[in-house]
Amino acid sequence: MTITDVARHAGVSTAAVSKVMRNAYGVSAAMQEKVRAAMAELDYRPHAAARGMRGRTYTIGVLLDNIRNAFFADILDGIQDELHSSEYTVLIGAAGFGAEAQSKTIRSMVDRQMDGLVLIAPGTSRADVLAMADTTPTVVIGHHDPSDLHDSVVDADGAGAGLVVDHLVSLGHRRITLVSAQGTRSSKWTRTPEIVLTNGYTEAMGRHGLAAETRVCRAAYSDEGGYKAGMSLLTGEHPPTAIMAGADVAALGVWRAAHELGLRVPQDVSIVGYNNTAVADLATVQLTSVDQAGHNMGATAARLLIERVEGRREHAVQTSMTPRLVVRGSTGRPPG
């Protein structure tokens, strides 16, 4: 089956079929429907290698550090939903937290001639990312550092931290601790999500006259990272009455530590997450969390990337999501 057969079956020119396959700008919805219906009826599948020889492989590489963070699933769903009616295939690289492993994965994606890259909070150096983005269309999700070489999709993390502190203070809390990822200084990113989140938390605590109570515990955004942070904080001197984690997965690790120590949530300690993943709304969890619209972030990233891949736009843009706090049962008044 060839493109000529599709054109004949749809009653259009081969050029029209080619434009639909390339998702070219200006193709009408009626033409899209007619050609794609013909492709489906004929079970026509463009050969990826042949398309690559013509200058495009119709593959998009998505880099993430691990597959256990449920927020990444929300982002991936958004990317997939945005691209589902196109010819693009999404390939995922779960490279781990190490900067070198992430750089190796990114280089592999470029070497395999993927048309574009979506990098979710990359831990690899900014210099490496800029070098890749100079030759391959790239969208960075999470990092706030602006660039003329890549597009960015971010959450207003500072504002999100402020929402949490405001909520906890309104309940009467003063000893409010932030659990945030360590980050890598050598990467030369100056405005990563954890940096912006920490700054927002610090500013909000100061705004409420609680600068002396400011405390940041560094931990990996994983269940184990949150668990270790929770055990350390809740068994230490002057334990916090409320803990905010920069990711739901870490907040649930904190919750596990509290449970092992015989502490009740929220009667003994309030816990807040970040990302508002599906697990936060489970009946047995009900975790208060900041919603940063992960699905929308992914869909926006995919749309921006395809615009660059297909030459519809040349200048870089940064899009910011507005966070909202979803209050559930894991937060309440402090004990005593």
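## The parallel sheet

Strand β4 (residues 138-141) and strand β5 (residues 151-155) run parallel, joined by 3 bridges. Pairing here requires at least two bridges found by DSSP between two strands. Isoleucine 141 has valine 153 of β5 as its bridge partner. Strands (E, at least two residues) and helices (H or I, at least four) are DSSP runs, numbered from the N terminus. The model is predicted: local features need pLDDT of at least 70, side-chain atom pairs count only at pLDDT 80 or more, and totals for chains, interfaces and linings use all residues. Residues are numbered from 1 along each chain as its sequence is written, and side-chain values use heavy atoms, with hydrogens and water left out.

β4 and β5 belong to an open sheet of 6 strands. The order is β2-β1-β3-β4-β5-β11, and the pairing is parallel. β2 (89-94) and β11 (318-321) are the edge strands, each pairing on one side only. On average, neighbouring strands of this sheet are turned by 15° against each other, direction ignored. Angles are taken between N-to-C directions and run from 0 to 180 degrees; axes are lines fitted to C-alpha atoms, for helices over the stretch in contact.

Helix α6 (residues 99-111) lies across β1 (59-64), β2 and β3 (116-120). α6 runs at about 180° to β1. Contact means heavy atoms within 4.5 Å.

## The mixed sheet and its helices

Another open sheet also has 6 strands, in the order β7-β6-β8-β9-β10-β12. Its pairing is mixed. The edges are β7 (215-218) and β12 (324-326), and each pairs on one side only. Neighbouring strands of this sheet are turned by 20° on average, again ignoring direction.

Helix α8 (residues 157-170) packs on this sheet. α8 touches β6 (176-180), β8 (242-245), β9, β10 and β12, and its direction makes about 165° with that of β9. Helix α9 (residues 193-207) packs on the sheet as well, touching β6, β7, β8 and β9. The direction of α9 makes about 175° with that of β6.

## Where α8 meets α9

Two packed helices are described by the angle between their axes and the distance between the axes. The axes of α8 and α9 come within 7 Å and cross at roughly 40°. That makes α8 oblique to α9. Angles under 35 degrees count as roughly parallel, over 145 as roughly antiparallel, 65 to 115 as roughly perpendicular, and the rest as oblique. The crossing of α8 past α9 is right-handed, a term used if the near helix is turned clockwise from the far one by less than a right angle.

From α8, the contact uses Asp157, Gly158, Ala161, Gly162, Val165 and Asp166. From α9 come Pro193, Val196, Leu197, Gly200, Tyr201, Ala204, Met205 and Arg207. These contact residues divide into 8 nonpolar, 3 polar and 3 charged. Ala, Val, Leu, Ile, Met, Phe, Trp, Tyr, Cys and Pro count as nonpolar, Asp, Glu, Lys and Arg as charged, and the others, Gly among them, as polar.

## Strand by strand in the mixed sheet

β6 and β8 pair in the parallel sense over 4 bridges. Threonine 177 has isoleucine 243 of β8 as its bridge partner. β8 also runs parallel to β9, with 3 bridges between them. Here alanine 242 stands opposite serine 270 in β9. Ala242 and Met244 point one way from β8, while Ile243 and Ala245 point the other way. All are buried, meaning under 20% relative accessible area, against over 50% for exposed and partly exposed in between (1.4 Å probe, protein chains only).

β9 (residues 270-274) and β10 (residues 288-291) run parallel, joined by 3 bridges. Glycine 273 stands opposite serine 289 in β10, and valine 272 has threonine 288 as its bridge partner there. Thr288 and Val290 point one way from β10, Ser289 and Asp291 the other, and all are buried. β10 and β12 run antiparallel, with 3 bridges joining them. Aspartate 291 stands opposite arginine 324 in β12.

## The α2-α3 pair

Helix α2 (residues 14-21) packs with helix α3 (residues 29-42) at an angle of about 95°, with their axes 10 Å apart. That makes α2 roughly perpendicular to α3. Ala16, Val17, Val20 and Met21 of α2 make the contact with Met31, Gln32, Val35, Arg36 and Met39 of α3. The contact residues divide into 7 nonpolar, 1 polar and 1 charged.
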